[in-house]
Amino acid sequence: MIYLDHNATTPLCGEAREAMLPLLGDLLGNPSGIHAHGRRARAAVDDARDSIAAILGAKSHELIFTSGGTESCNLALLGLSRRHRTAEKNHLITTASEHHAVLHAMRALKEKEGFELTEIPVNERGLVEPEVFAAALRPGTILASVMIANNETGVIQSVEQLAAIARERGVLFHTDAVQAFGKMECLPHQLGVDALSAASHKFYGPHGAGFLWLRSGVSIDSIQHGGFHENERRPGTENVAAIAGMAVAARVAMAEVERGSEAPRQEALRERLWHGITSTDPSAIRNASGAPVLANTLNVSFPGCDGETLLMGLDLEGVSASSGSACMVGSIQASHVLLAMGVPEERARATVRFSLGRHTSEADIDAALEALTRVLSRQHRS
Ligand SMILES: Cc1ncc(COP(=O)(O)O)c(C=O)c1O
């Protein structure tokens, strides 16, 4: 079995698993409890908070633990928009190529709550142009949200530049760092953002945990109603073991980023995959070519083929890849990310995303290429 779908989710790393096991075995109290059992759970959550804050160069109280990327993005967008709305300020900005966790949250604010929304376009390489972003800002703009790295194409936006433009105009800036965190440096103060979302299962941590970093002094409305957890910003009993595992996974992933050897290794494997693909199918098109992209991501259209059929063929050969966003599996819609880049619908439907990871080897790439060659020859024959 060859797994080339790391942008959908990553395997749990051994270090995170080790950190979680003691918290899963014995009776663990509720972190809100004042007794010894509760204090043990509270200590695990506090340690995780301090550890992630240190990685981000942030303060511990700036972190809000959530259930994952979707919740972090929703909390940032709904919570900040509602809290900072005034009679004069009612406008939001995002981009056409965001993950649905952002795009659908923004559209819900527009459709259900009467906010005004500008969805700015991306260019044919998938990049937000700073002039286009600047032109969308208005005196009434509350918040802008632009992702660091795209989950389908891997395209990396110049968030630092965009956030600086927003800051000059007094506009709050959220970035969806769900794909970027653990793969590249993501320091919120360096980026100049006000809020940053991440999800544990994208950086070899467990499912069911994520965090929102929120700049100290920025107020937010809770989007759930309940107790006083997370400084009254996210009620609900914490997922203690997952949070502890997430912190360890974050440390391991960011140490890897600092060492600097893993990204070039994955990049070389990705190029090997791309060269193999072009020799098998010279008509294959590399999407987002020319843009800065994550080292692990390759998004390819195979003109004349059906993407879903290709993926099913690869699956039968033991290769797991994806058509883009995992949430779109089973859906026959063409990728909104590729359409936003001006990719024709038919080509968008003929697309496969390969995303490599820490354990991907040269042998995996060569075996995946052999499988792909067989699958493509079957498609071309039928
Ligand atoms: C860029 C991006 N944002 C948000 C999400 C949502 O994260 P989660 O699946 O943890 O809810 C994903 C997941 O694929 C993503 O890739």
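Which exposed residues does the face of α11 turned away from its buried side carry? Hold that thought, everyone, and I'll come back to it.

A quick word on ground rules. This is a predicted model, where local features need pLDDT of at least 70, side-chain atom pairs count only at pLDDT 80 or more, and totals for chains, interfaces and linings use all residues. Residues are numbered from 1 along each chain as its sequence is written.

Let's start with the overall layout. The chain is assigned domain 1 (2-9 + 260-381) and domain 2 (14-257), with bounds that come from an automatic or database domain assignment. Taken over C-alpha atoms, the domain centres are 28 Å apart. Domain 1 puts 23 residues into the contact and domain 2 puts in 24; by contact I mean C-beta atoms, placed from the backbone, within 7 Å. On the domain 1 side that touches domain 2, β10 and α12 (336-340) each supply at least two residues. When I name helices (H or I, at least four residues) and strands (E, at least two), they are DSSP runs numbered from the N terminus.

Now, the interior. In soluble globular proteins, nonpolar side chains tend to be buried together. Here I call a residue buried if 20 or more other C-beta atoms lie within 10 Å of its own, exposed if 12 or fewer, and partly exposed in between, with C-beta atoms placed from the backbone. A nonpolar core is then a set of buried Ala, Val, Leu, Ile, Met, Phe, Trp, Tyr and Cys residues joined through C-beta atoms within 7 Å. The largest such core has 87 residues, and Ile243, Ala244 and Ala249 touch the most other members. Helix α9 (residues 240-259) is the top contributor to this core, with 12 residues. Both domain 1 and domain 2 give this core at least three residues each. Take alanine 244: beyond its neighbours within four places in sequence, it is in contact with Ala19, Met20, Leu23, Ala44 and Ala48. Apart from this core lies another, of 23 residues, including Leu4, Leu273, Phe302 and Leu372.

On to the sheets, where strands count as paired if DSSP finds at least two bridges between them. If you zoom in on strand β3 (residues 91-95), you will see it pair with β4 in the parallel sense over five bridges, with leucine 92 opposite leucine 117 in β4.

A second open sheet has three strands, ordered β9-β10-β12 and paired antiparallel. Its edge strands, β9 and β12 (351-355), each pair on one side only. Two bridges link β9 and β10, and arginine 286 stands opposite valine 300 in β10. Helix α10 (residues 262-280) packs on this sheet, touching β9, β10 and β12, and its direction makes about 15° with that of β10; axes here are lines fitted to C-alpha atoms, for helices over the stretch in contact, and angles run from 0 to 180 degrees between N-to-C directions. Between β10 and β12 there are five bridges, and valine 300 has valine 352 as its bridge partner in β12.

Strand β12 itself is mostly covered, with five of its five residues buried. Thr351, Arg353 and Ser355 point one way, while Val352 and Phe354 point the other way.

Next, some backbone angles. Most residues other than glycine have a negative phi. Tyrosine 204, however, has a positive phi of about 70°; this residue sits in the loop between β7 (195-199) and β8 (210-214) and is buried, with 28 other C-beta atoms within 10 Å. Alanine 288 also has a positive phi, near 65°. Alanine 288 belongs to the loop between β9 (285-286) and β10 (297-301), and is buried, with 26 other C-beta atoms within 10 Å.

In helix α11 (residues 307-316), the buried residues include Gly307, Leu310, Leu311 and Leu314. These four cover an arc of only 95° around the axis, so they lie on the same side of α11; the arc is that of the directions from the helix axis to the C-beta atoms. The face turned away from that buried side carries the exposed residues Met312 and Leu316. Just after α11 comes glycine 318, with a positive phi of about 90°. Thanks, everyone!

Terms used: Two residues are in contact if their C-beta atoms, placed from the backbone, lie within 7 Å.
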